[in-house]
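Work through the exercises below with the structure open beside you, and try each task before reading its solution.

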Amino acid sequence: MKQFTSWLTLLICSVSIISCQYNNEEDLYGKNENCDISNVSYSKTIIPILTASCYTCHSTSNASSFGSGINLENFNELMIRVNNGKLVGAISHLPGYPAMPRVGAKLDDCSIEKIKAWINNGALND
């Protein structure tokens with residue numbers, strides 16, 4: 001009986017270890033097929049994302065009070081953050097960047113992918 005208990009314990013431990021693995025959402029459910037990044041534009045795609053998630057702190061009226069002086073409503077200032085990689089680093093919560101937005105949840109993956117697509121397509125002011 002003691003040997004059976006030992007084997008059973010070993011079997012349970014082995015199954016537990018094998019079944020434990022790290023999965024991210026994309027591995028489990030696949031890429032978000034509903035995220036269309038084919039026709040992103042500054043005016044129709046990026047401004048609405050920034051308005052909903054960033055302008056509370058980083059607008060012309062709020063940047064000096066709440067946004068550390070960073071005004072993403074101004075295209076030229078936005079491009080500084082685009083060109084130095086700080087925009088993508090912050091919204092993607094990459095190590096070494098302040099996670100943005102500071103208040104509230106991280107941007108959804110589709111919004112981040114749209115911003116990246118806009119940048120990869122030249123970050124035009126269209």
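The exercises that follow concern a predicted model, and each task is followed by a solution in steps.

**Exercise 1.** Determine how many aromatic pairs a search of the whole structure finds, and classify the pair formed by the rings of Tyr-42 and Phe-75.

Solution. The search of the whole structure finds three aromatic pairs. For Tyr-42 and Phe-75, the ring centres lie 4.9 Å apart, and the planes stand at 75°. Since planes over 60 degrees apart count as edge-to-face, the pair is therefore edge-to-face.

**Exercise 2.** Classify the pair formed by the rings of Phe-75 and Trp-118, and state which aromatic cluster includes Phe-75.

Solution. The ring centres of Phe-75 and Trp-118 are 6.5 Å apart and their planes stand at 75°, so this pair is edge-to-face. It links distant parts of the chain, with Phe-75 in helix H6 and Trp-118 in helix H8 (residues 109-120), 43 residues apart. Both Phe-75 and Trp-118 are buried. Putting the steps together, Tyr-42, Phe-75 and Trp-118 form one aromatic cluster.

**Exercise 3.** Locate Ser-59 in the chain, decide whether Ser-59 is buried or exposed, and find its contacts beyond the neighbours within four places in sequence.

Solution. Ser-59 sits in the loop that runs between helix H4 (55-58) and helix H5 (63-66). Its relative accessibility is 6%, so Ser-59 counts as buried. Once the neighbours within four places in sequence are left aside, Ser-59 is in contact with Asn-71 and Glu-73.

**Exercise 4.** Describe the largest pocket by its space, its lining residues and their classes.

Solution. The largest pocket holds about 510 Å³ of space. It is lined by 22 residues, of which His-58, Ile-70, Ala-90, Met-100 and Arg-102 are the closest to its centre. Turning to the helices, H3, H4 and helix H7 (86-91) each supply at least two residues of this lining, and H7 gives the most, with four residues. Sorted by class, the lining of the largest pocket has 14 nonpolar, five polar and three charged residues.

Methods. Residues are numbered from 1 along each chain as its sequence is written. This is a predicted model: local features need pLDDT of at least 70, side-chain atom pairs count only at pLDDT 80 or more; totals for chains, interfaces and linings use all residues. Side-chain values use heavy atoms; hydrogens and water are left out. Rings of Phe, Tyr and Trp (its six-membered ring) pair if their centres lie within 6.5 Å; planes under 30 degrees apart count as stacked, over 60 as edge-to-face and the rest as tilted. Buried means under 20% relative accessible area, exposed over 50%, partly exposed in between (1.4 Å probe, protein chains only). Contact means heavy atoms within 4.5 Å. On a 1 Å grid over the protein atoms alone, a cavity is a set of points where a 1.4 Å probe fits but cannot get out, and a pocket is an open set with protein on both sides within 12 Å along at least five of seven lines; lining residues have an atom within 4 Å of a point. Grid points are joined across faces, edges and corners, and a volume is the space filled by probe spheres set on the points. Ala, Val, Leu, Ile, Met, Phe, Trp, Tyr, Cys and Pro count as nonpolar, Asp, Glu, Lys and Arg as charged, and the others, Gly among them, as polar.
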